[in-house]
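Here is a short report on one protein model. It covers helix packing, sheets and a few local features.

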Amino acid sequence: MQENTMVINRETAMRIWNKAYGKSSRVKDFAGREMVKAAYDDRSSEFGWNIDHVLPQSKNGKTNDSNLICCHIKTNDEKANKFPCFNANGKKFEILKVQNHFEIREIGNDSNGNESNDSHVDFFDSASGVRFFKKLKGIQNKKIFVGSISIRLQGIGTTALVDFITELFAGCTVSYGWDDNYFVIWVSDYNMPQKEDAADLLDLCVLLNTYLGEYFVPMDVIDDYQIFYGIHHYSDKIDCLTSFNDFYDYDCPLIINELVRINTEAKQKLNNPIAIGKDELSNEVYEYNYIYTQLASNLKKLIK
């Protein structure tokens with residue numbers, strides 16, 4: 001079954017606009033420039049706007065809703081691929097990671113005229129350090145959703161594949177180990193508050209499944225593999241940080257658990273909606289052996 005990659009076009013732009021501004025036809029972007037909905041991609045209009053990646057694509061920014069923003073064409077031109085700081089409309093901004101996505105925040109000035117940003121912690125300032133600690137204590141009782149991916153590789157022939165997978169999951173916590181004769185890569189995202197976060201990781205699992213099954217196995221880079229993607233929720237931060245996914249002896253290269261199923265398009269796409277077992281926290285698991293068919297076709301052409 002083919003997976004579609006998001007394309008930035010008028011349809012996408014209008015959907016992002018509607019999601020951000022509803023029925024409003026005239027708004028201001030984050031830099032204060034006025035935009036008119038009908039002036040999409042119109043450089044001849046003083047109200048022209050387009051879609052920008054919050055985290056630039058040159059910095060591995062994704063093309064998904066959580067990383068796309070409507071902004072005036074002039075603002076977009078000024079921001080360009082600058083990271084993490086840039087100027088737009090005479091103001092200074094910084095791109096910051098917040099939970100599992102990136103946001104643009106204006107850099108203001110304190111009473112002495114110095115640049116300031118509430119996200120910065122000066123640990124040499126005792127008041128700033130203690131204030132940050134108290135802020136952390138205040139959010140510890142929130143339910144924590146963790147996305148965990150376990151990748152088991154058999155007969156791995158080069159550490160280049162390890163670097164390849166690490167880069168694919170850039171932005172997540174990655175660790176490594178051995179399980180009998182299998183080299184294991186654990187990928188964790190310790191804060192997944194939105195369904196989009198779950199979908200993003202699932203897309204990466206499908207992408208990895210495509211590369212491993214359609215290129216790296218045929219090229220004898222590895223003999224076999226298994227990918228397990230699960231989402232779990234915890235009320236205790238220690239349990240969250242020390243959690244891990246077990247592997248299952250199923251004849252399926254890509255497996256997901258119940259929370260992944262109900263929070264992504266997998267709920268509608270599963271060929272077999274019957275669970276094939278349970279994970280270590282008694283969540284049902286399902287076979288989800290999807291690939292990107294166009295990518296798979298292109299990879300096969302590269303096999304020599």
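## Terms and model

Axes are lines fitted to C-alpha atoms, for helices over the stretch in contact, and angles run from 0 to 180 degrees between N-to-C directions. Helices (H or I, at least four residues) and strands (E, at least two) are DSSP runs, numbered from the N terminus.

This is a predicted model: local features need pLDDT of at least 70, side-chain atom pairs count only at pLDDT 80 or more, and totals for chains, interfaces and linings use all residues. Residues are numbered from 1 along each chain as its sequence is written, and side-chain values use heavy atoms, with hydrogens and water left out.

## Helix H5 and its partners

The axes of helix H4 (residues 160–168) and H5 come within 11 Å and cross at roughly 155°. The two helices are therefore roughly antiparallel to each other. H4 contributes Leu 161, Phe 164, Ile 165 and Leu 168 to the contact (heavy atoms within 4.5 Å). From H5 come Leu 204, Leu 207, Leu 208, Tyr 211, Leu 212 and Phe 216. By class, these are 10 nonpolar residues, no polar and no charged. Here Ala, Val, Leu, Ile, Met, Phe, Trp, Tyr, Cys and Pro count as nonpolar, Asp, Glu, Lys and Arg as charged, and the others, Gly among them, as polar.

H5 (residues 195–216) also packs on helix H9 (residues 293–301), at an angle of about 30° and with the axes 9 Å apart. That makes H5 roughly parallel to H9. This crossing is right-handed. On the H5 side, the contact is made by Leu 207, Thr 210, Tyr 211, Glu 214 and Tyr 215. H9 supplies Leu 295, Ala 296, Leu 299 and Lys 300. The contact has six nonpolar, one polar and two charged residues.

## The seven-stranded sheet

Seven strands form an open sheet in the order E11-E12-E10-E13-E14-E16-E15, with mixed pairing (strands pair if DSSP finds at least two bridges between them).

Strand E10 (residues 144–154) and strand E13 (residues 224–234) run antiparallel, joined by 11 bridges. Leu 153 has Tyr 225 of E13 as its bridge partner. H5 lies across E10, strand E12 (182–189), E13 and strand E14 (254–257), running at about 170° to E13.

## The three-stranded sheet

A second open sheet has the order E5-E6-E7, with antiparallel pairing. Strand E5 (85–88) and strand E7 (101–106) are its edges. Neighbouring strands are turned by 35° against each other on average, direction ignored. Four bridges join E5 to strand E6 (residues 91–98). Cys 85 has Glu 94 of E6 as its bridge partner.

The loop between helix H2 (73–79) and E5 holds Pro 84. A cis peptide bond joins Phe 83 and Pro 84, with omega about 5°. Ala 80 lies in the loop between H2 and E5. Its phi is positive, about 45°, although Ala 80 is not a glycine.

## Salt bridges

The structure holds 11 salt bridges (a side-chain nitrogen of Lys or Arg within 4 Å of a carboxyl oxygen of Asp or Glu). One of them pairs Arg 15 with Asp 65, the closest N and O atoms being 2.6 Å apart. Arg 15 lies in helix H1 (residues 10–21) and Asp 65 in the loop between strand E3 (49–53) and strand E4 (68–72), so the pair ties together parts 50 residues apart in sequence.

Note on methods
Angles under 35 degrees count as roughly parallel, over 145 as roughly antiparallel, 65 to 115 as roughly perpendicular and the rest as oblique. A crossing is left-handed if the near helix is turned anticlockwise from the far one by less than a right angle, and right-handed if clockwise.
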